[in-house]
Amino acid sequence: MKSLRVAVSILVLLTATFCLAQTAAQKSFDQLKSLTGSWEGKNSEGKPLRVSFRDTAGGSALMSEIMGEGHENMISMIHLDGPNRLLMTHYCGAGNQPRMTASTSPDGKTISFDFFDATNLATPDAGHMQRVVFTIVDANHHTEDWTFAAGQGKEMKEFFDLTRKM
């Protein structure tokens, strides 16, 4: 009887540990949620821009809005797809909606999203966002490195260096 109690106790402990453990996707989502708020900075050409992040849909999605000259107030929605996959849908000024899946650096400070499909993409060569890399430097500083596939193997890059607006 005593060994049965020990076995049940161990099983309960293991189950609790498993349930409380976060997947890499969940950790990345929480890391990105730490960006909630308003950010200011400059783009690659030195022009000012603003980026805001906010929780929405009961905390199940994170909305990013880019506002600045030439950025047409683009929106990105980030959310989990099950416990093991983090997705981003980017509502682009190009009129399409690329979907990207995340991977995270070992230190958890860099989260990269890479294209896997899109809606409203006229042809596979039509211009679309291909990749974005978020690097969280600290609680008040992060960068965003965007790559736009311009067709015929050409890429356009945009880099944002952002600080939290106090």
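## Exercise 1: Charged partners

R85 and D81 meet in a salt bridge, with 2.9 Å between the closest N and O atoms. A salt bridge here is a side-chain nitrogen of Lys or Arg within 4 Å of a carboxyl oxygen of Asp or Glu.

Before we go on, note that this is a predicted model, in which local features need pLDDT of at least 70 and side-chain atom pairs count only at pLDDT 80 or more, while totals for chains, interfaces and linings use all residues. Residues are numbered from 1 along each chain as its sequence is written, and side-chain values use heavy atoms, with hydrogens and water left out.

**Task.** Find out how many salt bridges the structure holds, and describe the one between R99 and D117.

**Solution.** 

Step 1. The count is five salt bridges.

Step 2. In the pair of R99 and D117, the closest N and O atoms are 2.7 Å apart. R99 belongs to strand β6 (residues 97-104) and D117 to strand β7 (residues 110-119), so this pair ties together parts that are 18 residues apart in sequence. Strands (E, at least two residues) are DSSP runs, numbered from the N terminus.

Step 3. Now check how open the partners are. Buried means under 20% relative accessible area, exposed means over 50%, and partly exposed lies in between (1.4 Å probe, protein chains only). R99 is partly exposed because its relative accessibility is 28%, and D117 is partly exposed with a relative accessible area of 28%.

## Exercise 2: A loop residue

**Task.** Locate E69 and decide: is E69 buried or exposed?

**Solution.** 

Step 1. E69 sits in the loop between β3 (61-68) and β4 (74-80).

Step 2. E69 counts as exposed because its relative accessible area is 55%.

Step 3. Leaving aside neighbours within four places in sequence, E69 is in contact (heavy atoms within 4.5 Å) with K47 and P48.

Step 4. Follow K47 onwards: its side chain meets that of E45 in a salt bridge, at 3.5 Å from N to O. K47 is partly exposed at 29% relative accessibility, whereas E45 is exposed at 61%.

## Exercise 3: Rings in the interior

**Solution.** 

Step 1. A nonpolar core is a set of buried Ala, Val, Leu, Ile, Met, Phe, Trp, Tyr and Cys residues joined through side-chain atoms within 4.5 Å. The largest one has 26 residues, and L32, I78, M88, F113 and F134 touch the most other members. Strand β8 (residues 128-138) gives this core its largest share, four residues.

Step 2. Rings of Phe, Tyr and Trp (its six-membered ring) pair if their centres lie within 6.5 Å; planes under 30 degrees apart count as stacked, over 60 as edge-to-face and the rest as tilted. The structure holds three aromatic pairs. One of them, F53 with F134, is edge-to-face, at 6.3 Å centre to centre and 65 degrees between the planes. F53 lies in strand β2 (residues 48-56) and F134 in strand β8, so the pair ties together parts that are 81 residues apart in sequence.

Step 3. Both partners are hidden: F53 is buried at 3% relative accessible area, and F134 is buried at 1%. F134 also pairs with W146; the centres are 6.4 Å apart and the planes at 70 degrees, so this pair is edge-to-face. W146 lies in strand β9 (residues 141-151), twelve residues from F134.

## Exercise 4: Strand partners

**Task.** How many bridges join β9 to β10, and which residue in β10 stands opposite T147?

**Solution.** 

Step 1. Two strands pair if DSSP finds at least two bridges between them. Ten bridges join β9 to β10, and the two run antiparallel.

Step 2. T147 has K157 opposite it in β10.

Step 3. The hairpin of β9 and β10 has two residues between the strands, and Q152 takes a positive phi near 55 degrees there.

Step 4. Strand β10 (residues 154-164) is also joined to β1 (residues 37-42), by four bridges, and these strands run antiparallel. W39 has R164 as its bridge partner in β10.
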